[in-house]
Amino acid sequence: MSDVEPVVQGRASGQGRVYQAQRDQYVTEHHHHYPAGEGPSLFGSSEDRAVVPAPRGGLGADRTAPDSVRTPLVGRTPLVLRDRCELLPVLLSAACDETGNIHVLHGLGGCGKTSLAQAVFNEVTRGSRRLGLWVNASERATLRAGMLAVAADRGAEAGELAAAHGGQRASADLVWNYLHASSEPWLLVLDNADDPEVLGEGGWLRQSPRGTVMVTTRQAGSPVWNGARLHHLGVLPVEDAALVLRDLAPEAGSIEDAETVARRLDCLPLALTLAGSFLSRQLLESWSMSDYRRHLDDNPTELIDQGAAPGNSERNARQLVGRTWDISLTALADDGIPECSSLLRLLSCWSSDPVPLSLIRPQAVDATRLAALVPPLTGARVESALRGLLDHSLVSLVSLDAGGVPVRCVKTHGVVLDSVAAAVPEEQRALLATAASQLLQADVPGSGATAQDARRAAHLVPHAAAVLRRVADAESAERAALLGTSLAVCIFEGGDFQAALSLTENAAEVAGQWLGAEHPATLRAEHRAALSLFRLGRFEESEALHRRVLTIRERVLGAEHPETLESRQDIHEPLSQLLRTEECMATLRDTARIRSQVLGEHHRDTLHARALLIEYLAVADAAEEFDSAGPEIVAACEEHLGNDSFTTVTARHNYAFGLYRFDRSEEAEPEARRALAGREFVHGPEHALALSAAVLLSWILGKLGQVEESLSLGRRVVRGQEQALGREHPYLLTNRTGLAEALAAAGEVAESRALAEVNLPLCERVLGHDDPVTVRTRSLIA
């Protein structure tokens with residue numbers, strides 16, 4: 001290993017510090033063995049060295065000492081410490097005060113605890129401001145050997161040390177007597193103290209007026225830390241994480257490319273360092289950061305760990321994202337909580353987004369087959385397993401705002417989840433994926449979900465998407481597809497059509513791969529995808545997908561099957577927007593007729609198909625049938641379904657539209673107001689259907705001369721549809737032009753022109769140069 005002087009330097013902004021290695025550095029571990037009667041060598045050179053740890057919990061080799069306690073013998077020596085701009089000054093001040101406090105740096109493995117401690121160590125020892133002492137506290141053997149070496153450094157005699165080695169004198173007392181009596185103030189770093197009991201049982205952790213103790217650990221909740229000041233380390237801010245990559249591999253990409261990779265690595269310092277090292281060391285290929293980001297989706301853990309130096313993985317476990325968590329899980333198993341690994345494997349089936357604690361309630365866990373895992377995970381052991389993961393910083397507790405309601409959640413770092421998922425035994429993958437789907441499904445609101453339910457369920461979407469990536473057999477695929485489809489129904493009702501489309505497309509792809517293109521689960525997912533395509537204004541794609549699903553359902557399920565009739569009904573939407581009104585009406589009439597025969601005239605589904613037909617009677621100028629059927633259908637819905645049902649509100653809305661279409665605005669106004677109130681009650685005021693009712697009322701009020709309220713509603717619709725549908729949705733383009741025309745008619749010329757100028761290029765791109773809406777928009781500007 002080449003000699004590298006660690007330097008702590010300020011950022012350009014003058015805040016914080018950054019850590020960076022000039023080149024890869026690794027520690028070679030070895031033992032020194034001494035013949036009986038010879039004392040250990042307590043001091044050595046500054047070359048690479050470390051002590052081989054004894055097995056966890058063992059007594060270790062009492063006569064094995066580190067080559068130095070004056071130098072941090074760590075695997076990578078950063079040159080610049082990124083971020084930590086709030087914590088670093090606090091620790092630098094604490095390291096030099098005279099209160100004798102103990103400071104504990106705790107956090108997830110790989111988050112940079114050792115790097116931060118080393119930055120403090122280097123700074124306070126520079127210029128002989130304070131003596132620095134560094135001890136590897138990962139095992140009893142290394143801790144004992146290191147602390148006795150500290151005593152020797154502070155003046156302990158060979159005989160005293162021999163007595164301590166031989167068990168004839170209390171080792172910790174000897175060390176602390178010399179630390180208390182030190183002629184120089186000191187900073188003592190106890191690094192990687194991931195088993196606090198090792199410190200507590202031997203009395204190795206004490207306070208002294210002569211110095212400050214700084215501990216790095218993954219365990220935050222140990223009683224050994226009572227009285228100490230705890231400092232949590234999380235991941236880096238994305239800007240600083242990107243700089244770590246740029247520092248290591250400046251030629252591999254821009255700062256924007258680095259930020260993209262940093263986000264995919266969840267800004268974990270260890271993963272960033274390994275990624276940067278990989279990019280900087282390539283010989284045969286020259287990947288850019290964009291190349292690296294693309295390959296991360298294939299096998300992230302394996303790729304990240306390629307940035308480590310070749311060597312014995314047992315010795316370098318802390319330097320590998322695929323191995324570093326094993327240290328904590330092994331410790332937890334030794335402590336009698338082997339279920340921690342099974343719980344972490346379950347969490348790895350979901351996303352790194354917060355997971356509601358309700359998903360892993362004991363009763364919910366016992367309703368799955370997780371007890372068949374190795375080791376078994378039962379409801380009775382979930383609490384202790386979760387506490388174990390929390391204590392070792394493998395997960396954290398956070399609060400999530402789900403539709404205005406705070407939800408307690410557990411959050412796991414994305415790199416941890418990737419590496420744990422990659423290491424799941426093959427025979428357990430399907431069981432875990434199936435259980436993960438079941439647990440999520442129990443939290444998805446059922447039929448009749450409100451808009452508030454939909455907003456609360458939105459936080460489940462990334463977890464459902466993750467489960468779809470984890471399926472391992474036909475059963476887990478069917479469960480995951482069912483989950484994705486039912487969750488998409490819920491968030492669709494809440495107005496998030498893009499998320500619903502993405503989820504159903506994923507569900508359809510997974511179901512098709514494992515179950516076949518004509519399996520009911522595949523067709524259900526595709527049907528929901530077609531509905532979302534329509535809401536997003538992609539009418540031709542929606543019609544084509546609806547047609548494909550309808551054709552298969554008619555052949556496989558039969559013409560009278562409820563799912564076939566569902567397809568027959570819903571294809572009317574894209575048909576109407578594609579101006580195929582006769583086809584649209586025919587499919588609704590057929591649906592209503594068959595449902596009436598199979599389900600009854602007043603069944604909800606029969607009435608819904610008839611409620612939809614009202615709109616197209618008006619579009620087709622079938623005034624006589626509209627006047628006959630419209631009021632009758634509305635009354636039947638109110639009588640059999642209630643005033644506030646979705647179908648009744650739909651019937652009122654369509655009837656109000658028909659009255660407006662036939663230029664009967666005075667009759668239409670009260671019906672439109674009732675329709676708007678109903679839409680807002682059922683869906684919420686910002687839902688696309690509520691906005692549709694609002695724009696209808698705006699048109700009616702404009703015809704009645706109630707200009708101020710009409711314009712107010714029109715502005716509300718345009719703002720709301722920009723949020724709900726996106727700036728380029730055909731509905732929004734039409735309504736934006738309609739508002740601009742209404743503003744011009746009301747004398748609001750400047751606002752009208754500004755709106756039209758925004759709308760025209762969008763209309764030309766989305767609708768075409770000769771579309772009527774585009775032509776109207778262009779004429780407003782002219």
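**Strand β1 and its surroundings**

Tutor: β1 and β5 pair in the parallel sense over 5 bridges. The model is a predicted one.

Student: In β5, which residue is the bridge partner of L105?

Tutor: Strands β1 and β5 are joined by 5 bridges. L105 belongs to β1. In β5, the bridge partner of L105 is H231.

Student: In what order do the 5 strands form the open sheet?

Tutor: The pairing in this sheet is parallel. Its 5 strands leave the sheet open, and their order is β2-β3-β4-β1-β5.

Student: Which are the edge strands?

Tutor: An edge strand here pairs on one side only. That holds for β2 (131–136) and β5 (229–233).

Student: By how many degrees are neighbouring strands of this sheet turned against each other on average?

Tutor: Direction is ignored for this angle. Averaged over neighbouring strands of the sheet, the turn is 20 degrees.

Student: Over how many bridges do β1 and β4 pair?

Tutor: β1 covers residues 102–107, and β4 covers residues 211–217. I102 has V213 as its bridge partner in β4, while H106 stands opposite T217. The two strands pair in the parallel sense, and the count is 5 bridges.

Student: Which residues point the other way from I102, V104 and H106 in β1?

Tutor: In a regular strand, side chains alternate between the two faces of the sheet. In β1, I102, V104 and H106 point one way. Pointing the other way are H103, L105 and G107.

Student: How many of the residues of β1 are buried?

Tutor: Buried means under 20% relative accessible area. The residues pointing either way from β1 are all buried. β1 is mostly covered, with a count of 6 of 6.

Student: Now the core. Which residues have the most contacts inside the largest nonpolar core?

Tutor: Nonpolar side chains tend to be buried together in soluble globular proteins. The largest nonpolar core here has 127 residues. Those with the most contacts inside it are Y292, L346, W350, L370 and L389.

Student: How many residues are in the second, separate core?

Tutor: This core includes L588, A618, L697 and L701. Its size is 38 residues.

Student: Beyond four places away in sequence, which residues does L346 touch?

Tutor: L346 is among the residues with the most contacts inside the largest core. Leaving out residues up to four places away in sequence, L346 touches I360, L370, L377, L432, A436 and L439.

Terms used. Residues are numbered from 1 along each chain as its sequence is written. This is a predicted model: local features need pLDDT of at least 70, side-chain atom pairs count only at pLDDT 80 or more; totals for chains, interfaces and linings use all residues. Side-chain values use heavy atoms; hydrogens and water are left out. A nonpolar core is a set of buried Ala, Val, Leu, Ile, Met, Phe, Trp, Tyr and Cys residues joined through side-chain atoms within 4.5 Å. Buried means under 20% relative accessible area, exposed over 50%, partly exposed in between (1.4 Å probe, protein chains only). Contact means heavy atoms within 4.5 Å. Two strands pair if DSSP finds at least two bridges between them. Helices (H or I, at least four residues) and strands (E, at least two) are DSSP runs, numbered from the N terminus. Axes are lines fitted to C-alpha atoms, for helices over the stretch in contact, and angles run from 0 to 180 degrees between N-to-C directions.
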